[in-house]
Amino acid sequence: MIEVKSISKNFGEVQAVKEVTFTAPDSQVTALLGANGAGKTTSLRMIYSLITPESGEILIDGIDPKKEPERARKLLGVLPDTRGLYKRLSARENIEYFGKLHGMTDEKIKSRTDSLVADLRMEDFIDRKTDGFSQGQRVKVAIARALVHDPQNIILDEPTNGLDVMSTRGVRAFLMKEKERGKCILFSSHVMQEVAAVSDEILIVNDGIICASGSESELKQQTGKENLEDAFVHIVTNGEGHE
Amino acid sequence: MNKQMQQIKTVMFKEITDNVRDKKSLLSSIFMGAVFMPVLFVFMINFTVNMAKDKQESQLEIAIQGADNAKSFISFVKSKGVKINEFSGDATKAIENKDEEAVIIIPEDFYENFSSGIPAKIEIYYDATAKGTTNVTQRRIKALISEYSNTIGMSRLQLRGISPLLLKAIVVEKHDVSTSQSKGARLLAFLPYALILGLFMGSMYLAIDTMAGEKERNSLEALLLNPIKRSHLLLGKLFATISFGLMTMILTLITFKLAMPFMPLEKMGMSVDLGFKTLSIMTIILAPLAIMAASLQTIIATFSKSFKEAQTYVGLLIIVPMIPSIALMILPVKEKLWMMATPILSQNLIINQIMRGEQVEVVSIIAAIVGSLLIGLILALVAIKLYNRESLLFSD
């Protein structure tokens, strides 16, 4: 479970995130939906303690990352916005490297990698060097690498960005399976269909604040719109409909 | 603690594996530093030495214009086994076009002056700035002429009943205290430079790849999310970088050792001691320098946004070890203790001492190790401090 209590962050004059508060419970997919530059990535980066919030508090399964950063990171599996791989290493070696940094034994890494390979359908390229991988293959390796330690909390920044339909479906199916296993999943996206397809709870982010939240049907109900996209536009433009 | 050591080791071995697989990296560090440079040096020394040697022993050929004007001189020259080539035309042109290395012109009034006891003139045309063996040729010609001139001069005095020794007011007796080893050291003055350069080149590529490369590949953010302290992450990377520098330095030493038999040392009456003890001392005093080189390169690479930028700046850093090495090749220096504690300078001085066959004081070795180690560790701390900044990811 991830608890976020009124976190804020400035970059110079710009206030990127203002007093954001929410909770992402276990066995649920929570989505941060917002346009580019709305503050999604900055919020996520504060949650996985890559940058420190100016104010507010974050708890990962009750652990404060400010006080115990390494312990908090063990409870998190993060697919960041940048997902570069080591191209002179094979996909398996990329995953192994992170497993070892998590202090896992070789057998554990092996068995976990095998199950991730099966879940994400990586059989064809797992032992190939990652140089020249397609976008979809790279994202799958990046996800496997981030989740090699089988964390309770999964954070993904725009996970299906740039993926084709088949890869997108693969990733989605994987996330649903992880949810069934009781994991807490928090992801950001600007794609409406995607958010609508997998999320239990949607947080609409605009200008660094959360301006609405609820399930898809709740948001549609609140705004009286037929679909999520119209509801989103209604919310971020204060009901004016157009920018 | 054990777990953290394990993490540092993981990072280090990953970086080593990653870079060993990179042909560019191996080429620029190991090959250029440890193989290419020593081989090039050996080749060049051999070439120069042999060329000078051959010229000194080869038959001298002289292009002479107006040989008929000085028949006795010509027969003297011939008696010395020199081959005379009749020359006519423009002497300056012939030398400019490199048709001749030197041309002698004997003027028409030579015999007239010669027989009436007036200094007779012989003109030599040559190019003092010409490369290679030309200077040897013109020196040999001058020596021949002055020998002839002396012989004639002395016999003239003797004919008049005057002892030719009166002309020699002073006799110079030379005592060259250089040993065959110190002569060898002069020839190998570049050895410390080559070793230090090898060390810098060896670690250069890794420093760039582990810092700027990680950023450019967009893998840094994911890496930082692992449960490892940033300082430990940097230590792992730094150890990998240091190990490449050390490896290249040791390989350079081995290459030199293997290349020694191919050096024309005996021909020149020189000797160089590259025994096990010598090599060990060199390794011990150079090793701490690897920490300094790697830290310095890492610091610079941390500031760079891209691989290319880092390559430019870290590449410029190679000039640093050149300064003391070249200064010492030109300027003679009396070693002082503070010099022995100054990194790079101390290694240069001590290796030069070893090569000259001088006894190296233990104090000097300790000063060199402590001095370099201290500065290396300070720089490593600076590198760690820089890596801990939050802005590391956003330096663009």
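A: Asp150(A) counts as partly exposed because its relative accessibility is 27%. The model is predicted, so local features need pLDDT of at least 70 and side-chain atom pairs count only at pLDDT 80 or more, while totals for chains, interfaces and linings use all residues. Residues are numbered from 1 along each chain as its sequence is written, chains are lettered from A and ligands numbered from 1 in the order in which they are written, and side-chain values use heavy atoms, with hydrogens and water left out.

Asp150(A) forms a salt bridge with Lys183(A), with 2.8 Å between the closest N and O atoms. A salt bridge here is a side-chain nitrogen of Lys or Arg within 4 Å of a carboxyl oxygen of Asp or Glu. Asp150(A) sits in the loop between H5 and strand E6 (153-157) of chain A, and Lys183(A) in the loop between helix H6 (165-180) and strand E7 (184-189) of chain A, so the pair ties together parts 33 residues apart in sequence. Helices (H or I, at least four residues) and strands (E, at least two) are DSSP runs, numbered from the N terminus. Lys183(A) is buried, with a relative accessible area of 5%.

A second bridge in chain A joins the side chains of Asp127(A) and Arg92(A), at 2.9 Å from N to O. This pair links distant parts of the chain, 35 residues apart: Asp127(A) is in the loop between H4 and helix H5 (135-146) of chain A, and Arg92(A) is in helix H3 (residues 91-101) of chain A. Asp127(A) is exposed, at a relative accessible area of 54%, whereas Arg92(A) is buried, at 19%.

In chain B, Asp18(B) forms a salt bridge with Lys14(B), the closest N and O atoms being 3.0 Å apart. Both residues lie in helix H1 (residues 2-20) of chain B, four residues apart, about one turn of the helix. Asp18(B) and Lys14(B) are both buried.

Terms used. Buried means under 20% relative accessible area, exposed over 50%, partly exposed in between (1.4 Å probe, protein chains only).
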